[in-house]
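Please look at the sequence and structure first.

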Amino acid sequence: MACKYDTLFIICTQLCSFLLLLDLALCQKLSTHPHQLGSDPNPSDCTDRWIHIRRLPPRFNLELLANCSEFPLSSDFCPYLANDGLGQKTHNRSHSWYRTDPLMLELVFHRRMLEYPCLTSDPAAADAVYLPYYAGIDSLRYLYGPDVNSSAEHGLELFRFLQRDEPGAWRRHMGHDHFLVMARPAWDFSQPPSNDPPIWGTSFLELPEFFNVTALTVESRAWPWQEQAVPYLTSFHPPNLSFLEAWLQRVRRSRRVTLMLFVGGGGVSATPNIRRSIRNECENATAAGNFTGGDGGYGFYGGEYSSLCSIVDCSSGICEHDPILFMKPMLQASFCLQPPGDTPTRRSTFDSILAGCIPVFFEDQSAKSQYTWHLPEDRYEEFSVTIPKEEVVFKGLRILDVLNSIPRAKVRRLREKLMEFIPSVVYRKHGSSMSLRTKKDAFDIAVEGTLRRIKSRLEEVSAQ
């Protein structure tokens, strides 16, 4: 099927000129009307689950991809558009591993929405309306480019379009039934419009026009009801159940030879902070060359570990598109440290879950109060460890002592429970097998949570 609009055809042609980018088929998929995709589902299976994909002009999505090399960043994101946003394969024979960029969550989510079984072309019949707007990609021109001083306008063009085109779809519930995905932390969209001079970020989530819209972000703020954090993209996207089960077996059999691992950068400034404390403790443990086992019996000479602490330095983003650099160390580590950085959350949290490396958190905002749909808040003690950062930074608590005191039987239980969550934080590959679709992944859980939230919100509004 050819692209409907001439401009869209030009965009698709531009995309195809990049050998490693999206192909014309994807352009056709993303511009196809929802009712033309797949077979009609059984209506009885879609009660309270109908979703309408709002058709947006290409300037809100596909045009942004066509300009992938023109955003004012240190490097373009064109290579990461390959395989419908999953990125290039890590190696030619790979079936599940890709060089995925977290910014592609909006594209990956859009692609998966086209396979959703309960799509309707009638917004009036929908329980929710999905806006395929690539907000995170569009924000780049405000965050880094010539429009940085007009960042308070980010989103206004979209709102004007929604008001002008099929206005009944928006006015039916005044946006309460609409949702979108934003592949950056909510803080990046939270600059007050009145700031003069402007500070970091755009004002999209601060615009009253969008206060009713549900925003799925990779990191949410604590107070706005409409924000909900969903997992970062990892590099693992299995196409069928066999590849997922094979990975789970590898995780289960992996020999854990390192007690604790930190994958990341920072911690080199003179200012006391948790990353600096981690680096200092790891360097001291490595220099000492010995370790006295605690209650857990994990002595350095006890044969359980050959290394107390290891650091994979990912400064300057060198690990971002190369999972080989950090997944093997994670598979060999028992605990993976997840200190906050510029913001509380980290993609590394989901990489460590994927590797069966028990996450160690230092504040609740890093995950516990964020990803409540995918990692229930009341279950964190079953699969993770929490050590208050203040105890480490200011009171001298040694992380090694805390982890070493955990009995090995409990460590095994933590890892087994952690592995149960792996399917729920992975975004499986589009077009995956029916057998894999029986296991809910990060996308499925996000959509179900969104539908529940919208239904609850509409009930609240109607009761007022």
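In which loop does Asp84 lie? Asp84 lies in the loop between α3 (62–66) and α4 (105–113); helices (H or I, at least four residues) and strands (E, at least two) are DSSP runs, numbered from the N terminus. The model is predicted, so local features need pLDDT of at least 70 and side-chain atom pairs count only at pLDDT 80 or more, while totals for chains, interfaces and linings use all residues. Residues are numbered from 1 along each chain as its sequence is written, and side-chain values use heavy atoms, with hydrogens and water left out.

Asp84 is not a glycine, yet has a positive phi of about 55°. With a relative accessible area of 8%, Asp84 is buried (buried means under 20% relative accessible area, exposed over 50%, partly exposed in between, with a 1.4 Å probe and protein chains only). Glu166, also not a glycine, has a positive phi of about 50°. The loop between α7 (156–164) and α8 (167–171) holds Glu166, which is partly exposed at 41% relative accessibility.

## Thr345

Thr345 sits in the loop between β8 (333–338) and α12 (348–354). Thr345 counts as buried because its relative accessibility is 5%.

The side chains of Thr345 and Glu219 make a polar contact at 2.4 Å (a pair of N or O atoms within 3.5 Å; within protein, one must be able to donate a hydrogen and the other to accept it, and residues adjacent in sequence count only if both atoms are side-chain atoms). Leaving aside neighbours within four places in sequence, Thr345 has contacts (heavy atoms within 4.5 Å) with residues including Tyr232, Gln365 and Tyr371.

## The largest pocket

A pocket is an open set of points on a 1 Å grid over the protein atoms alone, where a 1.4 Å probe fits, with protein on both sides within 12 Å along at least five of seven lines; lining residues have an atom within 4 Å of a point. The largest pocket is lined by 40 residues, and Pro102, Tyr232, Gly317, Glu320 and Asp342 lie nearest its centre. β6 (258–264) and α12 are the elements that give two or more residues to this lining.

Domain 1 (51–234 + 442–463) and domain 2 (242–289 + 303–425) each supply at least three residues to the lining of the largest pocket; the domain bounds come from an automatic or database domain assignment.
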